[in-house]
Amino acid sequence: MHRISYLLPDGFQVMALATQAVFEFANLVAGEPFYEVACHSMPGGSVKASLGTALQTRPFTARSTADTWMVVGVVDPSGAPPSPPQLLQALRKCSARARRTVGLCTGAFVLAEAGLLAGRRATTHWAYADALQRRHPDVQVEPDRIFIADDPIWTSAGMTAELDLALGLVGKDLGDDVARSVAHRLVMHQRRSGGQSQHSEILNLAPRSDRIARALEHARRHLAQPLGVDELAAAANLSPRQFSRVFTAETGQSPAKAVERLRVEAARLMIERSRQPLEVIARETGFRDRRHLREAFMRGFGKPPQSLRRDARLGS
């Protein structure tokens, strides 16, 4: 039995509780109750979530025990008061005895306050990554990661990334086959590795009209093709000249630049999730060759594909 204990502050972000479903279904897939889940708070009793619903919790003290502590954050840590000193002291002692300590989303702020992230790599919700870095310069904050495992400390980005981290824990404990089966049962589109980006290029481009959104979706589905302006304009039911003008006005990018960003994103996912050679990845995502892929990565990330592959393996 592996004991998972959640440490909840007043006003905790309610999405964090969704990760408990990952451990519930891991027990079902494993065919035995491998995980036991409990919720703690100081001083115990009823704690309100960000939504206003209440949850009964056990008291959290320096003597509390768990194999994995899941420290939950609040919706907006920038306006939250510092954690109570007695909580931070108890967390340091409990973490020292545990197998792992996890900061879910802005729970990373609590870990940093306790000194548990000093000298470590960590991530959090992208909107608060800069604040975490400013408050705790001794932490190596990586804002564009789904989750990071700097054993024995794990941290995640926001919201659904917490589910990816929980699946990462299951994969570590019970194997990748179990983790994939759990993701399938939860109807998750894909199981994302820790090294993946928090952002989607289609979301970043944020087209205002359905016509441009259709063109971008067409491009995403046919990246191995040349994808000239004529083809994209046809997908949007616009003339090439009108398409180029509307596309740039809505996205702030030329069609060619936007397609390159989509190709880089697709290539990055393949690099992080597979062991396929870079030549194959370049061909399947529409780059001329491995050299062309490298040039695009240097423009987009300032580092070559091989470096991102190493980072993804370290962050998984």
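## The nonpolar cores

The largest nonpolar core of this predicted model has 33 residues. A nonpolar core here is a set of buried Ala, Val, Leu, Ile, Met, Phe, Trp, Tyr and Cys residues joined through side-chain atoms within 4.5 Å, where buried means under 20% relative accessible area, exposed over 50% and partly exposed in between (1.4 Å probe, protein chains only). Tyr6, Phe23, Met70, Leu104 and Val170 have the most contacts inside this core. Two or more residues each come from β1 (2–7), α1 (19–30), β2 (35–41), β5 (68–72), β6 (100–104), β9 (147–150), α5 (161–174) and α6. Of these, α5 gives the most, with seven residues. Helices (H or I, at least four residues) and strands (E, at least two) are DSSP runs, numbered from the N terminus.

Which residues does tyrosine 6 touch? Leaving aside residues up to four places away in sequence, tyrosine 6 touches Ala16, Thr19, Gln20, Phe23, Val37, Ala38, Cys39, His40, Met70, Val72 and Leu104, a contact being heavy atoms within 4.5 Å.

Helix α2 (residues 85–97) has 13 residues and reaches 19 Å from its first C-alpha to its last. That is close to the 18 Å expected at 1.5 Å a residue, the expected span being 1.5 Å times one less than the number of residues. Its buried residues are Leu87, Leu88, Ala90, Leu91, Cys94 and Ser95. Seen down the axis of α2, these buried residues fall within an arc of 165°, so they line one face of the helix; the arc is that of the directions from the helix axis to the C-beta atoms.

On the other side of α2, Pro85 and Ala96 are exposed. Among the elements that cover the buried residues of α2 are β1, β5, β6, α3 (107–113) and β10 (153–156).

## Salt bridges

The structure holds 14 salt bridges, each a side-chain nitrogen of Lys or Arg within 4 Å of a carboxyl oxygen of Asp or Glu. One of them joins arginine 180 and aspartate 177, at 2.4 Å from N to O. The two residues are three residues apart in helix α6 (residues 176–185), about one helical turn. Arginine 180 is partly exposed at 45% relative accessibility, while aspartate 177 is exposed at 58%.

Arginine 291 and glutamate 295 also pair, with their closest N and O atoms 3.6 Å apart. Both lie in helix α13, four residues apart, about one turn of the helix. Arginine 291 is exposed at 65% relative accessibility, and glutamate 295 is partly exposed at 32%. Elsewhere, Arg99, Arg100 and Asp173 are linked in a network of salt bridges.

## A link between α11 and α13

Arginine 299 forms a salt bridge with glutamate 260, the closest N and O atoms being 2.8 Å apart. Arginine 299 lies in helix α13 (residues 290–301) and glutamate 260 in helix α11 (residues 255–273), so the pair ties together parts that are 39 residues apart in sequence. Glutamate 260 is buried, at 17% relative accessibility. The other buried residues of α11 include Val259, Leu262, Arg263 and Arg268. The 19 residues of α11 should span 27 Å, which agrees with the 27 Å between its end C-alpha atoms.

## Reading the values

Residues are numbered from 1 along each chain as its sequence is written, and side-chain values use heavy atoms, with hydrogens and water left out. As this is a predicted model, local features need pLDDT of at least 70 and side-chain atom pairs count only at pLDDT 80 or more, while totals for chains, interfaces and linings use all residues.
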